[in-house]
Amino acid sequence: MTATATIDEVVCLRPATSTDFDLDAVVKTLLEPVFALPGGGVLEKLADIAQVEQMISDAVNEQPDDLYITATASAGLENAIWPSGDPVQAAARDRIEVGRTVSVEGTQDIFLFDKDEGGVFGSPDDVLGSVTISEDERGMGSLSKLAHSEEEHSFYYVNYHVD
């Protein structure tokens, strides 16, 4: 017998990082010899070059994800089951009400995606993690599962219940 699962909310513990490596450590390693120079004149010059400081800061800091949810592993807003429209910004510690019900026959995977702007190289949307909901969870009350992406370094709780 088919059950229904209601995704009550999504809690962002950590959005995807802007980079796939520890840029902060790389920058510190590259600039450490410069920090030791007397007068700091080189640092002033570097900070003046085409907003380098802001670019480094943006890459190191966690920017909010443009979150949407699908019931298949296929990326794209055309596959979204939530929201109906533009993605929702999700930053660390955000609790986002979803209220979306999906049918569950056996099991149903739910995928969280970050909508990418595409950039120069047409970067595809990033998978932020997924959870599997089972019809066997029917009647168990409020449940919570962790969706995590090793590649994106993101962590989200998906809170739901199955009827």
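1. Helices here are DSSP runs of H or I with at least four residues, and strands are runs of E with at least two, both numbered from the N terminus. By that reading the secondary structure of the protein chain comes to three helices and nine strands, and along the sequence the pattern runs β-α-α-α-β-β-β-β-β-β-β-β.

2. The model is predicted, with local features requiring pLDDT of at least 70 and side-chain atom pairs counting only at pLDDT 80 or more, whereas totals for chains, interfaces and linings use all residues. Residues are numbered from 1 along each chain as its sequence is written, and side-chain values use heavy atoms, with hydrogens and water left out.

3. On the chain as a whole, buried residues (under 20% relative accessible area, with exposed meaning over 50% and partly exposed in between, for a 1.4 Å probe and protein chains only) make up 37% of the 163 residues. The chain exposes about 9,600 Å², of which carbon and sulfur atoms supply 53%; accessible areas come from the Shrake-Rupley method with a 1.4 Å probe, and for residues only the protein chains shown count as cover. Among contacts (heavy atoms within 4.5 Å) between residues at least 6 apart in sequence, 63% join residues at least 24 apart.

4. Asp-114 deserves a separate paragraph. This residue lies in strand β6, residues 107-114, and is buried yet has no salt bridge, the nearest side chain of opposite charge being that of Lys-115, 9.4 Å away. The side chain of Asp-114 does reach the backbone nitrogen of Asp-66, at 2.7 Å. Leaving aside residues up to four places away in sequence, Asp-114 touches Asp-65, Asp-66, Tyr-68, Asp-125, Asp-126 and Leu-128.

5. The count of salt bridges comes to four. One of them joins the side chains of Lys-115 and Asp-125, at 3.8 Å from N to O; Lys-115 and Asp-125 both lie in the loop between β6 and β7 (126-134), so the pair ties together parts that are ten residues apart in sequence. Lys-115 is partly exposed at 28% relative accessibility, whereas Asp-125 is buried, with a relative accessible area of 15%.

6. Two further pairs can be described individually. Glu-137 and Lys-145 meet through their side chains at 2.8 Å, N to O, in a salt bridge, with Glu-137 counting as buried at 12% relative accessibility and Lys-145 as partly exposed at 24%. Arg-138 forms a salt bridge with Glu-135, the closest N and O atoms being 3.8 Å apart, and Arg-138 is partly exposed, with a relative accessible area of 34%.

7. Tyr-157 has its place in strand β9, residues 154-162, and is partly exposed, with a relative accessible area of 34%.

8. Finally, Asp-86 lies in the loop between β3 (80-82) and β4 (88-90) and is exposed, with a relative accessible area of 65%. The C-alpha atoms of Asp-86 and Leu-67 are separated by 8.9 Å, these residues being 19 apart along the chain.

Key:
Lys, Arg positive; Asp, Glu negative; His and termini not counted. Polar contact = N/O pair within 3.5 Å; in protein donor to acceptor, adjacent residues only side chain to side chain.
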